[in-house]
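Student: I have a structure to go through and I'd like to talk about its inside. Can we take it step by step?

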Amino acid sequence: MEKLPTEGGIATILANPNPDSGSDLPEIVLQVVDLRPIGNSSTRYTFMASDGKMKVKAMLPTHFASEINSGNLQNLGLIRVLDYTLNSIPNQTEKALIVTKCEVVASSFDSEIKSEVKKETEMENEAIKAKKEEAAPSIVLKPKQEPIVKSAMQIVKEERGNAAPAARLSMTRRVHPLVSLNPYQGNWTIKVRVTNKGNLRTYRNVKGEGHVFNVELTDEDGTQIQATMFNEAAKKFYPKFELGKVYYISKGSLRIANKQFKTVQNDYEMTLNENAIVEEAEGEVFIPETKYNFVKIDQLGSYVNSRELIDVIGIVQNVSSTLSIRRKSDNETIPKRDITIADDSNKTVVVSLWNDLATNIGQELLDIVDTSPVVAIKSLKVGEFQGVSLSTVSKSVVQINPDLPEAHKLRTWYDSEGKGASMASIGSDMASPNTKNGSRSMYSDRVFLSHITSDPSLGHDKPEFFSINAYISLIKGDQNMWYRACKTCNKKVSEASESGYWCEACGKSDDQCSLRYIMVLKVSDPTGEAWLSVFNEQAEKIIGCSADELERIKNEEGDDQYQMKLKEAMWVPHLFRVSVTQNEYMGEKRQRITVRSQALVDPTTESKYLLEEIAKLSV
């Protein structure tokens with residue numbers, strides 16, 4: 001028999017808007033109607049939940065995105081609701097159903113299952129009336145029970161006399177999952193584990209001096225949220241929150257997360273003032289499920305130098321030996337190991353593992369690198385070294401060959417076609433005019449120089465990327481065009497006290513070093529000119545030789561040949577992929593334009609691009 005929506009399912013939900021998390025819900029099967037993303041988001045969806053007669057507006061939190069994207073949960077399909085919260089919508093009489101847990105019963109029907117759809121106000125009135133009628137017979141049948149009215153706290157005291165405050169809180173209030181919270185809810189209680197604790201910091205502004213402190217909280221489902229406390233609340237809760245412990249929290253407030261400062265994957269952030277309730281759940285320990293929001297390697301460019309941490313999954317291609325790096329802040333030596341991973345975008349990226357991850361996980365990966373293991377890494381910082389690079393932080397989590405759908409899919413791809421495919425670094429790929437990744441191609445985001453130089457605010461919050469077609473008009477021969485670098489890590493070296501060269505990063509001396517370009521050059525296009533910073537890899541392609549070779553020409557063949565070599569690189573058209581950032585120099589903000597990749601102009605490809613642009617204008 002074909003499964004159909006539960007008759008009266010919506011009325012049941014309206015009559016019980018906040019069911020106890022531990023209670024058994026009656027079977028509620030609803031049809032998903034008009035499923036669509038919220039705004040431009042691809043992770044949060046809204047729909048109308050229908051039982052065939054009644055409808056209510058509903059929302060699916062971010063952790064259902066994979067079910068929808070995989071096609072398992074579809075429009076006009078049926079779901080069995082296992083847990084939910086019914087919230088009021090500000091300035092409106094209707095309510096919104098937030099489905100926090102469900103399972104798919106049927107993927108999709110040809111059409112909506114319906115008979116007579118009632119208005120929500122009528123549904124609510126009927127639900128309340130039904131609830132009252134349902135309660136009335138119990139009073140008539142059992143009159144002796146009517147005067148025995150006990151509060152939840154009295155019941156708890158009778159059952160657990162000396163229970164801890166947190167235990168009483170957990171018994172008298174429903175614990176809400178983090179995915180169900182939104183800024184419009186009044187009363188809620190969450191049970192979370194502190195998975196990261198920041199320092200108590202002091203700040204100063206026009207209002208005076210203040211204090212701020214934040215923690216990252218994770219519930220049993222693996223959903224995370226960042227909570228921030230200011231001033232008195234910061235001083236009150238800083239000693240109370242301990243890393244790894246579990247707490248019940250209530251009387252906090254939520255707001256839309258500031259993307260510039262958020263460190264977890266959540267649309268909201270929490271604020272706790274001095275009136276918030278934070279009680280330790282003594283004796284309770286849970287290990288949150290690790291939830292990932294993977295970013296493809298070829299999409300990492302937009303996250304460069306952003307505060308937002310990202311998650312990646314890939315096939316391990318290479319594992320380096322461990323290096324000892326001396327930290328500048330305290331001169332302490334810490335271990336580092338680089339691994340190279342690839343995914344089905346046919347791109348690779350280098351991930352730097354630090355501290356225990358370098359010595360433990362890194363060694364484990366080195367031992368099995370021949371098997372091309374799958375590795376999933378949560379919370380990585382995206383830097384601009386070699387175009388794009390990734391680095392672990394203190395809260396990063398690394399899983400080897402995880403039991404995840406994405407891992408199984410990646411393994412199947414690699415075994416069938418990825419093993420023999422040609423891979424390119426995401427950093428070097430920015431130079432390819434024919435790359436399929438539009439966000440990094442030199443044939444997308446094409447602008448004139450005046451677009452960059454006329455807007456001093458570009459790159460203020462985070463780097464912005466553009467493509468330009470320009471001529472190199474000047475390379476100053478008297479600038480410091482290179483530096484002496486360590487042959488192991490490419491960092492700057494100094495002359496050792498006796499002989500050779502000392503590398504501060506590696507903490508060792510070497511008899512030899514190499515030269516690496518670090519130079520500026522002027523470029524021009526029909527709208528103006530600008531100075532670009534260029535590093536070794538791109539400078540070698542522009543000059544046509546290594547920095548060691550250019551120094552040899554200067555020293556052995558004379559200044560005339562040296563200047564001639566530089567002039568050969570001038571007045572040649574190039575395509576540049578550049579990043580624009582704001583740097584402070586002598587207390588003044590200045591715009592810095594850095595070459596991330598370059599290529600000579602290919603007349604055929606450039607003509608095709610221009611024809612396409614002309615066609616757009618004619619349309």
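**Cavities and cores**

Tutor: By class, the residues lining the largest cavity are 6 nonpolar, 2 polar and 3 charged, where Ala, Val, Leu, Ile, Met, Phe, Trp, Tyr, Cys and Pro count as nonpolar, Asp, Glu, Lys and Arg as charged, and the others, Gly among them, as polar. This is a predicted model, in which local features need pLDDT of at least 70 and side-chain atom pairs count only at pLDDT 80 or more, while totals for chains, interfaces and linings use all residues. Residues are numbered from 1 along each chain as its sequence is written, and side-chain values use heavy atoms, with hydrogens and water left out.

Student: How much space lies in the largest cavity?

Tutor: The largest cavity holds about 60 Å³, a volume being the space filled by probe spheres set on grid points that are joined across faces, edges and corners. A cavity here is a set of points on a 1 Å grid over the protein atoms alone where a 1.4 Å probe fits but cannot get out, and lining residues have an atom within 4 Å of a point.

Student: And which elements give two or more residues to its lining?

Tutor: Those are strand S24 (501–503) and strand S25 (508–510), strands being DSSP runs (E, at least two residues) numbered from the N terminus. Among the lining residues are Cys486, Trp502, Cys503 and Cys513.

Student: What lines the second largest cavity?

Tutor: Its lining includes Gln224, Thr263, Asp311 and Lys378, and the volume of this second largest cavity is about 40 Å³.

Student: Switching topic, which residues touch the most other members in the largest nonpolar core?

Tutor: In that core of 33 residues they are Ile452, Ile475, Tyr517, Met519, Leu521, Ile543 and Phe576. A nonpolar core is a set of buried Ala, Val, Leu, Ile, Met, Phe, Trp, Tyr and Cys residues joined through side-chain atoms within 4.5 Å, and buried means under 20% relative accessible area (1.4 Å probe, protein chains only). Strand S26 (residues 514–525) gives the most to this core, with 5 residues.

Student: Where does Gln479 lie?

Tutor: Gln479 sits in the loop between strand S21 (464–474) and strand S22 (482–485).

Student: Why does Gln479 count as buried?

Tutor: Gln479 counts as buried because its relative accessible area is 18%. Leaving out residues up to four places away in sequence, Gln479 touches Met519 and Val520, contact meaning heavy atoms within 4.5 Å.

Note on methods:
Buried < 20%, exposed > 50% of the residue type's maximum accessible area, 1.4 Å probe, protein only. Helix = DSSP H or I, 4+ residues; strand = E, 2+ residues; numbered from the N terminus. 1 Å grid on protein atoms, 1.4 Å probe; cavity = no way out; pocket = protein on both sides within 12 Å on 5 of 7 lines; lining within 4 Å.
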